[in-house]
Amino acid sequence: MARSSLMQRRSRGRCLALIILAGLLHWSSHIVASFVGVFRLALPLASLQPPPHADATGRETSVPLDAAVATERQTSVLLDAEAADPGRWVRRKLPLVRIDMPDDFADKFKNVHWIWQHAYQRFQCWKLALPDQAGAISDADLPRAWELFYDLGAAHHAEVEDELFLPFVRQLDGGDVAVQQLLRGHEELNAKALQVQEALKDGGAAVRAVIAEYAEMYVEHINLEEDLLVPIVLAGMREDLWKDVAPLIKAKSSASPGGKMALCLFRELSTQEVIAPQYRAKLPGIMRRVLIPVFSMIDSQYSAHRRIFGAIPEAV
Ligand SMILES: [Fe+2]
Ligand SMILES: [Fe+2]
């Protein structure tokens, strides 16, 4: 009996060792594949430097970009599509960050990645809403642009809000009413996203118009989210609740299919005066100096994003 139990234990031990070995091989193959990709690309070390951005001439976006200061604390990039249809919302100057963020904002608000996501989403929406003209996303690229923005970005962003961030805010003073209003907004956006998906299936000229409508709705929604939620979180932050929610948001975001592209877009934003110190404070050095620059070179979603959307314009 004792001998049989010993053999069973040994057998279980061998199984466990095999599982661990398989896990290690799987993990290391990803890392090796990443670095093989880096060497195959044979990009110069200079690529690890902060990414280039469109300048005021808008070479990368091909649309006039007017960089002007909104307030001293806001990121100073404003998008100004003078060449767009008169009267359309894209003609308005659009700050990527609208809220005032003093130096201690990230420490107090905590969920600063949410603000950064809104910042690059404003850029994406502005680009998606441009009428078909020089500087706009081409008809051929529109389906992929929508996938990069929505399927690999905004859809996950809304899931994190629905499952984690909004339930957290709901527990703060004044949070419940604000969250109910925002959840209605999510339902309206979901309905509009279905229209976009139908239009994409059908193809044709309607696609651009429906995507532009979605983009306008989306920017209004994220503006409202910040207007409603930032004051509630700043006034009634509950560290005891946040310490449970923060790791869940981090884990969900890291596992998302567009997670690496999001990090690369954060890196683009990190040259902005307001976001730079937050980026340095909130992301570990190994991420900022090694992993994200490597992702920026090898991630296929990010490279498609750079080709289709261009670079987020640089602050001045
Ligand atoms: Fe939302
Ligand atoms: Fe949002």
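**Reading the helices of a predicted model**

User: Let's start with one residue: in which helix is Leu183 found?

Analyst: This is a predicted model, where local features need pLDDT of at least 70, side-chain atom pairs count only at pLDDT 80 or more, and totals for chains, interfaces and linings use all residues. Residues are numbered from 1 along each chain as its sequence is written, while chains are lettered from A and ligands numbered from 1 in the order in which they are written. Helices (H or I, at least four residues) and strands (E, at least two) are DSSP runs, numbered from the N terminus. By that scheme, Leu183 is found in helix α5.

User: Is Leu183 buried, exposed or partly exposed?

Analyst: The test counts other C-beta atoms, placed from the backbone, within 10 Å of a residue's own: 20 or more means buried, 12 or fewer exposed, and in between partly exposed. Leu183 has 13 of them, so it is partly exposed.

User: How far is Leu183 from Ala158 in space?

Analyst: Leu183 and Ala158 are 25 residues apart in sequence. In space, C-alpha to C-alpha, their separation is 9.6 Å.

User: Which residues does Ala193 touch, leaving out those up to four places away in sequence?

Analyst: Ala193 is in helix α5, and it is buried, because 21 other C-beta atoms lie within 10 Å. Two residues are in contact if their C-beta atoms, placed from the backbone, lie within 7 Å. Leaving out residues up to four places away in sequence, Ala193 touches Tyr150 and Tyr214.

User: Are α4 and α5 roughly parallel or antiparallel?

Analyst: Axes are lines fitted to C-alpha atoms, for helices over the stretch in contact, and angles run from 0 to 180 degrees between N-to-C directions. Under 35 degrees counts as roughly parallel, over 145 as roughly antiparallel, 65 to 115 as roughly perpendicular, and the rest as oblique. Helix α4 (residues 142–170) and helix α5 (residues 175–202) pack at about 160°, with axes 11 Å apart. The two are therefore roughly antiparallel.

User: How many nonpolar residues are in the contact of α4 with α5?

Analyst: On the α4 side the contact includes Trp146, Tyr150 and Leu166, and on the α5 side it includes Val179, Leu182 and Leu183. For the classes, Ala, Val, Leu, Ile, Met, Phe, Trp, Tyr, Cys and Pro count as nonpolar, Asp, Glu, Lys and Arg as charged, and the others, Gly among them, as polar. The contact of α4 with α5 has three charged residues, two polar ones and a nonpolar count of 13.

User: What handedness does the crossing of α4 and α7 have?

Analyst: Helix α7 (residues 239–254) packs with α4 at an angle of about 165°, with their axes 10 Å apart. Val160, Leu164, Phe165 and Phe168 in α4 meet α7 residues including Trp242 and Ile249. A crossing is left-handed if the near helix is turned anticlockwise from the far one by less than a right angle, and right-handed if clockwise. The crossing of α4 and α7 is left-handed.

User: Which residues of α8 meet α3?

Analyst: At about 85°, with axes 10 Å apart, α3 and α8 are roughly perpendicular. Trp116, Gln117, Ala119 and Tyr120 sit on the α3 side of the contact. Their partners in α8 are Ala262, Leu265, Phe266 and Leu269.

User: Where is Lys110, whose phi is positive?

Analyst: Lys110 has phi near 75°, a positive value in a residue other than glycine. It is also buried, because 20 other C-beta atoms lie within 10 Å. Its place is in the loop between α2 (105–109) and α3.

User: Over which residues is the pLDDT below 50?

Analyst: pLDDT is the predictor's confidence in each residue, from 0 to 100. The chain averages 77, with 69% of the residues scoring at least 70. Where pLDDT is low, the predicted coordinates should not be read in detail. Values below 50 occur over residues 15–78 and residues 81–87.
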